[in-house]
Amino acid sequence: MSGFLWIRGARVVDPANGLDATADLLVGDGIIREVGRCDAPLGCPVLDADGLVLAPGLVDMHVHLREPGFEYKETIAGGTRAAAAGGVTTVAAMPNTRPVNDDPSVTGYILQKARSEGWVNVAPIGAVTRGLEGRELTEMGLQIRAGCVAFSDDGRPVADSGLMRRALEYASTFGALIIQHAEDPALAGHGCMHEGVISSRLGLPGLPSEAESVMVDRDLRLVALTGGRYHVAHISTGQAVEAVGRARAMGLSVSCEVAPHHFALTDEAVLGYDTDAKMSPPLRGHEERHALLEGLARGIITVIATDHAPHDPDSKRVEFCQASNGVVGLETLLPVSLELVRDGVMGLSACLAAMTVAPARLLGLNRGALTPGMPADLLLFDLDAPWVVDAARLHGTSRNTCFHGRRVRGRVKKTFVAGRLVHDDDG
Ligand SMILES: [Zn+2]
């Protein structure tokens, strides 16, 4: 019975279909065949999943794979290997590569590499502007035809208001999503951490929360003007969460994502000048962190995404302000997000929805659910297994995690992409 697998007796949590119950799942030729009480074909291989949670493979809509151009930081092979280890079966790849993904030829290269060397699905995000230079829009229609699923200049904001207006208008003719790295460049200035008590104490230039919220406020007015689809990447402030909540209540097509480091850590992690606590936007204060938790609890923040940003040691072993922004996150996404469940911020199903069906729908992907007929992208995990994050044991090329040494619970046991086992914790 080749091509079939019967996963038996798991706690199946499938937010898209409102399912949280002990059930079986039958995979045939890479497709989900049946969920519930399955009658497996004779001779079908059986995987006993008693005591484990079976969920759709995670969809991470904010990942930097670094290839082409920065292979010394990460590659499509290495980044997708880390994804598989983290239970992530689809990654959306940001376009700030070299060359920038602002052209169908680059999109085609990424997809071809992903097919030949990738461990999980790769969904390219195209640049909003040529070369991420913030001057001229890309050919979004051609980019979509080549396989792009959304548009962003991530790493940089689309700062020019007129250009952002045109980007929203142009993208909406294709129904495409614009993902904004919301930061007012003038307000951010040379700030290299959150502006507050800790930046004063450390004597480091800070950037205020308003650098984010001013840009989000502006963008939301442009969304109202254009009717475009707009998504705030890595939201980090209460002001911006409130603004997104108001826009959603008005019926605008607006969403936002939060990164685990922003809801799990504060700027206290910068004490000691640890450059693995340096990212953009920066780790914020306690008040902002609580606003993010509330945004998740109230359903204003509907997506959890890593902003997985691998960097080579040379880019991080420098003075704090000179260090590159970003941390890896694919392999800590699940356990750190499960802290939200343990702390009562949200239920398991809502938490998994934010990493499966919610991002899949935003990007228009036929993923993130356990519906029969869909590709068998699956995650089996032990909800309570304790472990300690060890940078040396991560699977990607770079190990710049801000969670090294953190005691977490929740361990990925097996990851399947289209029915194929791509990660097995038991070797
Ligand atoms: Zn960004």
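The model is predicted, so local features need pLDDT of at least 70 and side-chain atom pairs count only at pLDDT 80 or more, while totals for chains, interfaces and linings use all residues. Residues are numbered from 1 along each chain as its sequence is written, and side-chain values use heavy atoms, with hydrogens and water left out.

**The two domains**

Select 4-54, 375-387 and 407-424 together as domain 1, then 57-363 as domain 2; these bounds come from an automatic or database domain assignment. Their C-alpha centres are 29 Å apart.

About 1900 Å² is buried between domain 1 and domain 2, 66% of it on carbon and sulfur atoms. Buried area is the accessible area (1.4 Å probe) that two parts lose on being put together, summed over both.

**Across the interface**

Next select Asp-384 and Arg-342, which form a salt bridge with the closest N and O atoms 3.8 Å apart. The count between the two domains is 1 salt bridge, the term being a side-chain nitrogen of Lys or Arg within 4 Å of a carboxyl oxygen of Asp or Glu.

Strands (E, at least two residues) and helices (H or I, at least four) are DSSP runs, numbered from the N terminus.

**The zinc site**

Select the zinc ion with Asp-154 (OD), His-181 (ND1) and His-234 (NE2), its protein donors at 1.9 to 2.2 Å. Donors are N, O and S atoms within 2.8 Å of the metal (3.2 Å for Na, K and Ca); water is not among the atoms, so sites may look incomplete. The donor spacing in sequence is D-x26-H-x52-H. Asp-154, in the loop between β9 (151-152) and α4 (161-172), and His-234, in the loop between β13 (229-232) and α8 (238-249), are 80 residues apart.

**Backbone features**

Go to Glu-67 and Pro-68, where the peptide bond is cis with omega near 10°. Pro-68 is in the loop between β6 (58-63) and α1 (76-85).

Another cis peptide bond joins Ser-280 and Pro-281, with omega about -5°. Pro-281 is in the loop between α9 (260-264) and α10 (286-297).

End at Asp-307, a residue other than glycine with a positive phi, near 55°. Asp-307 is in the loop between β15 (303-304) and α11 (313-316).
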